[in-house]
Amino acid sequence: MTQIAFIFPGQGSQSVGMGAELAQGYPVAKAVFDEADAFLDRPLSQLCFEGPETALKQTENTQLAILACSVATLKILTQSGIVPKVVAGHSLGEYSALVASGVLAFSDALKLVNARAQFMAEAGEEQDGTMAAILGMDIEQLENICKKVDGVVGIANYNCPGQLVISGEVDAVQDVISLASEEIGARRCRALPVSGAFHSPLMSSAQEKFQDVLNAVAFHAPQIDVVMNVTGESVADLDSIKQLLFQQITKPVQWEKTLNTIDNDRITNFIEVGPGKVLSGLVKRTFPESSTFNVDDIETLLLVEDAFGNGE
């Protein structure tokens with residue numbers, strides 16, 4: 001049987017209309033959205049399907065919307081008999097991955113992400129922070145620039161070779177952009193439309209609030225290997241998984257290392273489960289010979305079912 005990795009997108013992959021076609025066509029997907037609406041006591045599904053985009057972009061909505069879409073898509077794939085050997089998720093996507101691996105019930109993932117999103121939004125209001133993508137620069141070079149500037153700033157996402165994201169105080173991020181632009185050209189640096197300095201020490205207040213919510217949720221032994229963001233390594237111990245989710249709020253996402261860990265298991269087929277195809281692009285830039293698929297509507301679902309259905 002072909003071995004597959006499921007990868008789950010994070011914030012930034014959202015778009016109005018996401019999940020609508022799958023929910024209309026598959027009762028198992030609609031049930032996920034119905035569960036989310038009932039749990040949250042508000043129409044999250046309507047926000048996914050119809051917008052408005054301004055509301056969908058708000059952190060406290062975006063994270064829940066992407067989680068629901070990703071898990072709805074996951075349920076269809078599972079119903080089709082397409083099961084991964086390993087799972088991983090980018091930032092917020094880690095919660096979808098933990099649902100896929102059996103570590104978290106969907107209801108508990110909703111509880112955690114609802115709290116995480118609210119606390120991160122509050123931290124973004126308390127601390128004036130931002131993020132920026134820096135393209136075409138090596139890690140050591142960018143780390144040295146971050147050390148040169150005054151204020152809080154550091155690498156937040158190690159996405160793939162040549163694609164890094166910094167996070168921190170607004171002035172410090174701008175100073176890094178200026179210095180990096182001098183070395184690699186201004187068009188290779190761009191500010192990101194975010195409401196806070198995610199994966200940086202500026203999220204420490206969110207992290208502190210999150211601890212009690214994390215402690216109140218049941219974690220179960222993984223049924224499928226899961227690779228975690230903070231270490232970029234496969235983790236099975238439940239206390240470690242819980243601790244890494246806590247750390248993830250202020251620590252960088254080691255996505256390139258995550259992909260290398262999956263590749264070390266000789267898995268070369270990646271299915272991005274949920275809205276968009278950002279992660280598929282990162283996989284291709286890291287491993288050009290890999291096979292990548294994304295599933296976010298019926299057309300892409302049928303392609304994956306043709307490729308991997310019935311154990312092929």
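The following dialogue explains how several terms are applied to this predicted model.

Colleague: Why is Leu 245 called buried?

Modeller: A residue is buried under 20% relative accessible area, exposed over 50%, and partly exposed in between, with a 1.4 Å probe and protein chains only. Leu 245 has a relative accessible area of 0%, so it is buried. Leu 245 belongs to helix H11, residues 238–248; helices (H or I, at least four residues) and strands (E, at least two) are DSSP runs, numbered from the N terminus.

Colleague: Which residues are in contact with Leu 245, apart from its neighbours within four places in sequence?

Modeller: Contact means heavy atoms within 4.5 Å. Glu 94, Tyr 95, Leu 98, Phe 210, Leu 214, Phe 219 and Met 228 are in contact with Leu 245, once those neighbours are left aside.

Colleague: What makes helix H6 largely enclosed by the rest of the structure?

Modeller: Eight of the eight residues of H6, which spans residues 93–100, are buried, and therefore the helix is described in that way. Among them are Glu 94, Tyr 95 and Leu 98. Just after H6, Gly 102 takes a positive phi of about 90 degrees.

Colleague: Why is Ala 31 called partly exposed, and why is Arg 266 called exposed?

Modeller: Ala 31 has 41% relative accessibility, so it counts as partly exposed. Arg 266 has 73% relative accessibility and therefore counts as exposed. Ala 31 lies in helix H2, residues 27–40, whereas Arg 266 is in the loop between helix H12 (255–264) and strand E8 (269–273). Arg 266 also has a positive phi of about 60 degrees, although it is not a glycine.

Colleague: Where is Ser 91 found, and is Ser 91 buried or exposed?

Modeller: Ser 91 is in the loop between strand E2 (86–89) and H6. Its relative accessibility is 12%, so Ser 91 counts as buried. Ser 91 has a positive phi of about 60 degrees and is not a glycine.

Colleague: How many disulfides does the structure hold?

Modeller: The structure holds zero disulfides, a disulfide being a pair of cysteine sulfur atoms within 2.5 Å. Cys 69 is in no disulfide, and the nearest cysteine sulfur, that of Cys 48, is 4.1 Å away.

Colleague: What makes a set of residues a nonpolar core?

Modeller: A nonpolar core is a set of buried Ala, Val, Leu, Ile, Met, Phe, Trp, Tyr and Cys residues joined through side-chain atoms within 4.5 Å. The largest such core has 75 residues, of which Phe 6, Leu 77, Leu 104, Leu 112, Phe 219 and Ile 271 touch the most other members. Helix H5 gives the most to this core, with 11 residues. A second, separate core of 18 residues includes Leu 142, Ile 155, Ile 177 and Cys 189.

Colleague: What makes a space a pocket or a cavity?

Modeller: On a 1 Å grid over the protein atoms alone, a cavity is a set of points where a 1.4 Å probe fits but cannot get out, while a pocket is an open set with protein on both sides within 12 Å along at least five of seven lines; lining residues have an atom within 4 Å of a point. The largest pocket holds about 850 Å³ of space. Of its 32 lining residues, those closest to the centre are Gln 11, Gly 12, Ser 13, Leu 192 and Val 194. Helix H13 gives the most to this lining, with five residues.

Colleague: How many cavities of 30 Å³ or more are found?

Modeller: A search of the whole structure finds two cavities of 30 Å³ or more. Volume here is the space filled by probe spheres set on the grid points, which are joined across faces, edges and corners. Residues lining the second largest cavity include Met 18, Cys 69 and Asp 296.

How values were computed. Residues are numbered from 1 along each chain as its sequence is written. This is a predicted model: local features need pLDDT of at least 70, side-chain atom pairs count only at pLDDT 80 or more; totals for chains, interfaces and linings use all residues. Side-chain values use heavy atoms; hydrogens and water are left out.
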